[in-house]
Amino acid sequence: KGLNHYQASYHIPKDKRGCGLFGDYGYFNHALYKPKKNPIKHFLMVVDAMIEIYLLKKETNVNIDFAHNLYCATKFVKPDFIFKVGEDKYFVEIDRMNERGVALNKKFENYNDYFMHTNTDQIKGIYFIVPSPKNEEVVNFNFKQQVRYESVVSAFLKTCDNYKEAINLIFLNEDELRPLLS
């Protein structure tokens, strides 16, 4: 009912795709919006990160907006969401640190394919957000995050070699997102 109300309030036609950014909304079925029950922790981390961007947008004059993966998924990549600051575009990957070697390399191979088939001038980076350590006072990364960081960077450099100078890989924990964007 909420989705129907939202779509009616914004007068979104059933065939509109939109880009999801700055009021250009699209029409999607409830079945597409409904989160899967299995990866609920991942879903909640995605929502929390989008809320941080939403709050920054509401509390400042920063020209920033985000769009969830229904808008930004392509045949090459399916980031958890994207955001734009002005004309600069960033992909966001919420990482629960359980994707290993082959899958991680495949993710970045897909990004490499995407970059080869699109104009990358406005694409500034990929935010790779991992869970914040619980009950730990850590200045940088804890051991598990450090190992993950090294795996992610290695996969990125191995598969996206042609774009390592143009596309920033930003690795951070979820508590660092808002301060970094601010």
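## Largest pocket

On a 1 Å grid over the protein atoms alone, a pocket is an open set of points where a 1.4 Å probe fits, with protein on both sides within 12 Å along at least five of seven lines, and its lining residues have an atom within 4 Å of a point. Grid points are joined across faces, edges and corners, and a volume is the space filled by probe spheres set on the points. The model is predicted, so local features need pLDDT of at least 70 and side-chain atom pairs count only at pLDDT 80 or more, whereas totals for chains, interfaces and linings use all residues. Residues are numbered from 1 along each chain as its sequence is written, and side-chain values use heavy atoms, with hydrogens and water left out.

The largest pocket holds about 1,300 Å³ of space. Its lining is made of 38 residues, and those nearest its centre are Phe43, Val46, His68, Asn69 and Asp80. Two or more lining residues come from each of α1, α2, α3 (40–59), β1 (64–68), α4 (69–72) and β3 (88–94), where helices (H or I, at least four residues) and strands (E, at least two) are DSSP runs numbered from the N terminus. Helix α3 gives the largest share of this lining, nine residues. By class, the lining has 20 nonpolar, six polar and 12 charged residues, with Ala, Val, Leu, Ile, Met, Phe, Trp, Tyr, Cys and Pro counted as nonpolar, Asp, Glu, Lys and Arg as charged, and the others, Gly among them, as polar.

## Nonpolar cores

A nonpolar core is a set of buried Ala, Val, Leu, Ile, Met, Phe, Trp, Tyr and Cys residues joined through side-chain atoms within 4.5 Å; buried means under 20% relative accessible area, exposed over 50%, and partly exposed in between (1.4 Å probe, protein chains only). The largest core has 26 residues, of which Phe91, Phe108, Tyr111, Phe115, Ile126, Phe128 and Ile167 touch the most other members. Elements α4, α5, β4 (123–130) and α6 each give two or more residues to this core, and its largest share, five residues, comes from α5. A second, separate core of 19 residues includes Met45, Val92, Ile129 and Leu177.

Leaving aside neighbours within four places in sequence, Phe115 is in contact (heavy atoms within 4.5 Å) with Phe91, Thr120, Ile123, Ile126, Tyr163 and Ile167.

## Aromatic pairs

Rings of Phe, Tyr and Trp (its six-membered ring) pair if their centres lie within 6.5 Å, and planes under 30 degrees apart count as stacked, over 60 as edge-to-face and the rest as tilted. By this rule there are 20 aromatic pairs. One of them joins Tyr6 and Tyr25 edge-to-face, at 5.8 Å centre to centre with 65 degrees between the planes. Because Tyr6 lies in helix α1 (residues 2–9) and Tyr25 in the loop between α1 and α2 (30–33), this pair ties together parts that are 19 residues apart in sequence. Tyr6 is partly exposed at 27% relative accessibility, and Tyr25 is also partly exposed, at 23%.

The rings of Phe108 and Phe156 have centres 5.6 Å apart and planes at 75 degrees, so this pair is edge-to-face. Phe108 lies in helix α5 (residues 101–116) and Phe156 in helix α6 (residues 143–159), so the pair ties together parts that are 48 residues apart in sequence; both residues are buried. Ring pairs also link Phe108 and Phe156 into a cluster with Phe91, Tyr111, Tyr114, Phe115, Phe128, Phe141, Tyr149, Tyr163 and Phe171.
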